[in-house]
Amino acid sequence: MKSAQLKTRGDKTGYLMSLPYVLYFSLFIGFPLLFSFFLVFHKWNIVMPMQWIGLRNFYRLFQDIQFFISIRNTLVFLVIHIPLQITIALLLAILLNQKIKFKGFFRALYFLPVIVSGVVITILWQQLYAYETGLLNLLLTKLGLSKIPWLIDSGWAMPSIAIMATWKNVGLYIVLFLVGLQGIPRYLYEAAEIDGARPVQQFFHITLPALNSTMVLVVILSTIGGFSLFIEPFVMTGGGPMNSTLSAMLYIYNQAFYFGHMGYAATLGFFFAFIILLVVLLQKKFVERKD
Amino acid sequence: MTRIEATITFILLLGVVCVSCEKKRTAPTVAEQGAVRLTYWCASNQSEIDLAAELVKKWNGSHPKIQVTLQPIPASQSSEEALLAAIAGKTTPDICANMWPGAMDDFTSSGGLVQLDQFPDFFDYLTERMPTELLESFRAPDGHYYQIPWKTNPIMIMYNKRLFREAGIQRLPRTYSEYLAAAKAITKELNGDGRADQWMGYQDIRPIWWQRFFDFYTHYIAASGGQTLFDSTDICFENEASVQVFRFFQEIYRQGYFPRTTFQGDNFLAEKFATIITGPWNITHVEKFRKPGFEYDIFPVPVPDDYRGPVYTYGDHKNISIFSTTRHPAAAWEFARYLVSEEADLRLLELCSQIPLRKNLTGNSLYRQYFSENPMMRKFAEQAIYTRGVDGSSVLKEIFDAISQEYEACAIYGKRTPETAVANTAKRARVIIEWSRP
Amino acid sequence: MKKPLIYILLIAGGLIFAYPFLWMISATFKPEVEIGSIGLWSSNFTMRSYAAVFQKIPIGRAFLNSIFVSACVTFSVILFGSIVGYALSRLRFFGRDFLFGLILFTMVIPFQITLIPMYILMVKFGWVDSYMALIVPGMISAFGILLFRQFFMDIPQDLIDAAKIDGCNDLEILFRIIYPLSRPVIITVGIVSFMGSWNDVLWPLIVIRLQQLMTLPQMVTIFAVGGQADGQLGAQLAAATLLAVPIVLVYAFFQRYFIESMATTGLKN
């Protein structure tokens with residue numbers, strides 16, 4: 001057949017066209033993965049030659065309290081950030097989904113922090129969170145309330161960062177939820193209305209299940225994003241107070257680029273990556289439901 | 001692919017290639033008409049560039065056989081990184097005058113620096129300039145010298161005269177007790193909200209390792225009579241001096257003499273803080289931004305009550321080194337000697353407000369006029385020979401990071417006793433050193 | 001739900017998202033002492049903060065660097081993404097499905113593992129402190145390939161057959177026939193890629209040390225974290241504002257595309 005003939009001709013061209021990716025993969029993904037694995041057994045600070053040290057990096061990792069604190073901090077961040085983000089995003093998405101005007105305007109407004117660089121957001125919020133002179137505390141004192149030690153108390157610092165991260169990203173998830181909501185057929189609600197179901201019941205029995213796949217997406221995206229938490233603690237707190245905002249990425253960055261422990265940092269990176277994969281798989285298992 | 005797209009791609013690629021080649025710079029050292037050419041890197045701040053330009057011009061005028069080209073260190077996240085990158089890429093100059101002693105280990109372990117004691121007049125020339133014991137403190141662990149001690153910014157305390165006067169402080173505090181008493185008199189609340197609005201001083205409470213140069217490290221050097229963190233074999237800061245420093249700052253934060261918060265902006269000038277722990281560079285800053293009627297002066301950092309002897313402090317030294325890639329080490333040494341000569345030192349004072357490491361600065365007739373015009377610099381100059389730098393250890397930053405952690409827990413948040421904090425720090429430091437051993 | 005209540009909530013939300021930005025912009029024009037005030041107005045508007053920023057750091061250069069790098073990356077991602085996407089969707093060859101699976105797999109790998117070896121690679125190539133280090137690692141995006149492949153799969157085969165009969169080779173088919181039909185996906189990939197490259201700060205912090213090659217977010221970060229701002233708040237906020245302005249402007253014009261790109265991104269995932 002003529003078309004079959006035309007299709008099989010694709011072999012050589014197929015390889016040629018895929019070549020860029022194959023090259024790229026080998027160089028920037030395949031090689032780094034292998035090299036990372038190799039580096040784990042060495043000690044290296046770039047200027048001096050590499051030294052084989054066997055499993056010493058692993059011994060060090062398991063004695064490294066600060067690293068585990070950094071992982072715990074990252075998890076704390078996620079535990080606060082993700083539910084907060086889902087709740088607010090869902091709420092605003094539902095509001096936007098009603099019959100109102102200026103939807104596009106509000107949607108664009110909420111989305112604004114998403115596109116702006118994290119650096120800007122961090123510098124801005126550092127001023128909002130400043131204890132003596134910051135805007136939030138000024139507002140609180142004007143309302144007669146006491147100031148909150150946003151970034152200088154070890155119990156408040158990470159939640160403050162989580163709030164800031166939510167503010168930054170919620171717009172994206174509002175949009176995602178909106179898309180999901182718009183895909184729910186109206187007649188489901190109308191039928192439920194007729195059956196006498198109250199809005200709350202409609203929400204739990206129609207809306208939430210229909211949003212399941214969006215929900216999974218939102219959770220996984222937030223998680224992966226949350227694990228890369230770096231620039232916020234880097235700029236705002238330097239990891240303090242009392243190591244409470246030391247995120248895993250910040251710790252790895254310090255080990256590699258401040259202290260020059262390349263081999264050890266590679267080991268940390270590997271370990272951390274496994275944790276991420278584990279968490280994401282667990283999430284997928286628990287949040288996703290088979291209908 | 002259409003021709004347009006192909007051309008665009010080609011141009012872009014070409015552009016990328018051209019731009020990435022741009023960074024290669026080769027400094028010619030081949031003799032031109034018998035003259036030796038040297039490249040000299042200075043720090044990238046304007047006053048030091050001005051100083052270097054002037055000195056280089058004078059030198060070139062009187063030394064036709066040794067011509068020097070000046071380049072500021074490539075501006076970067078830190079000059080140590082720029083230098084290490086240059087060493088790794090073999091693009092180092094002949095001589096550089098922005099060497100931080102703390103990075104010496106990194107520089108020397110890669111073989112990047114020339115041994116300076118190979119020059120026969122090294123010791124004589126330098127001991128004429130500075131006290132022998134100070135020179136000794138810059139000797140590398142292998143016994144050789146890789147840096148010419150050049151200048152220092154001694155850390156002292158700048159204070160607001162009016163606030164001190166109003167608080168009834170008659171004599172400048174010398175010991176911890178006197179300092180704490182002064183702090184008590186000064187820290188007060190002014191606007192009726194029950195919280196202090198005027199404090200004795202301020203330090204950034206974030207656990208950033210180099211902040212410790214102003215609080216812990218400086219006061220430790222003072223309290224220990226000039227010790228640094230390492231002696232020739234091991235760490236040596238697990239001692240009473242460290243404990244006293246931790247206790248001192250713990251008391252300060254406990255009583256609220258320094259606010260336990262982060263401030264932005266210069267609140268020393270805004271007269272919220274009565275003191276600031278700083279160096280000579282701040283004089284220029286204060287002069288530029290102060291309100292009329294703002295009076296200030298300097299005094300040395302406080303020492304423990306039972307301390308006797310001169311007050312030492314942290315010196316934030318910058319030194320001069322010659323790189324091993326140089327083809328004319330002797331010529332470079334000639335030029336280096338000029339950089340630390342009497343005239344050059346005077347210009348360093350006049351142009352950059354930084355203190356050369358030269359003994360008897362205030363007694364020397366050449367400098368008399370400068371110090372009579374700049375009485376505050378006199379105090380820094382007198383302190384200059386009683387400074388210490390950092391040890392040139394490759395794990396210095398990590399150890400400072402460990403100190404920061406314990407300092408934060410103990411002094412700022414009061415969650416550990418000073419003894420425990422110092423013991424913990426020493427333990428962590430030993431672990432860090434252990435892990436860094438081959 | 002009552003309409004007025006909905007509007008109130010939405011407006012409250014809007015304020016929460018917009019006011020901090022408005023405050024930041026107005027603070028950059030206020031004299032230093034007034035920055036602490038909540039209000040937006042000041043009677044002493046000044047450009048001093050911006051002057052300080054331009055004086056202290058070569059922010060114009062950083063801006064150009066960012067534009068150059070982001071443009072190159074975006075262009076390249078679209079180019080290579082479409083080529084590989086085409087191959088994966090319309091050509092048959094041995095190993096095609098394996099390659100596709102590989103691409104999916106790479107999207108799951110957290111970058112935390114490859115970060116350090118990638119840096120070491122840059123050192124070995126001598127690309128540290130060069131544009132190469134900023135551009136090349138971002139030249140191909142698995143995500144871009146995926147989107148193109150998805151989109152191309154829906155192109156009717158007859159169009160392609162017709163072109164082949166006319167004697168076009170595959171590249172010509174891609175660029176002459178398919179591209180004109182692919183505006184939505186090209187814009188989507190372009191926007192996401194540009195935004196990601198423009199805002200990226202961790203990678204430049206790692207591979208670029210020389211000030212003249214720093215990207216805009218990197219320079220602003222160092223300015224804010226290091227001591228160069230002399231503790232002047234206005235200057236720090238001004239630098240941040242300058243960082244935000246370009247992309248907000250682009251956003252203002254292409255806003256619809258932005259939002260829809262991100263939405264489709266999510267769906268395809």
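A: In a right-handed crossing, α16(B) passes α17(B), where a crossing is right-handed if the near helix is turned clockwise from the far one by less than a right angle, and left-handed if anticlockwise. Helices here are DSSP runs of H or I with at least four residues, numbered from the N terminus. This is a predicted model, in which local features need pLDDT of at least 70, side-chain atom pairs count only at pLDDT 80 or more, and totals for chains, interfaces and linings use all residues. Residues are numbered from 1 along each chain as its sequence is written, and chains are lettered from A, with ligands numbered from 1, in the order in which they are written.

The axes of α16(B) and α17(B) (residues 418–436) come within 9 Å and cross at roughly 160°, with axes being lines fitted to C-alpha atoms, for helices over the stretch in contact, and angles running from 0 to 180 degrees between N-to-C directions. The two helices, α16(B) and α17(B), are therefore roughly antiparallel, a term for angles over 145 degrees. Among the residues that meet are E398(B), A402(B) and E406(B) in α16(B), and N424(B), R428(B) and I432(B) in α17(B), contact requiring C-beta atoms, placed from the backbone, within 7 Å. The residues of this contact divide into 9 nonpolar, 2 polar and 3 charged, where Ala, Val, Leu, Ile, Met, Phe, Trp, Tyr, Cys and Pro count as nonpolar, Asp, Glu, Lys and Arg as charged, and the others, Gly among them, as polar.

The contact between the chains takes 22 residues from chain B and 18 residues from chain A. On the side of chain B that touches chain A, the largest share, 5 residues, comes from α16(B).

Technical notes:
Contact = placed C-beta atoms within 7 Å. Parallel < 35°, antiparallel > 145°, perpendicular 65-115°, else oblique.
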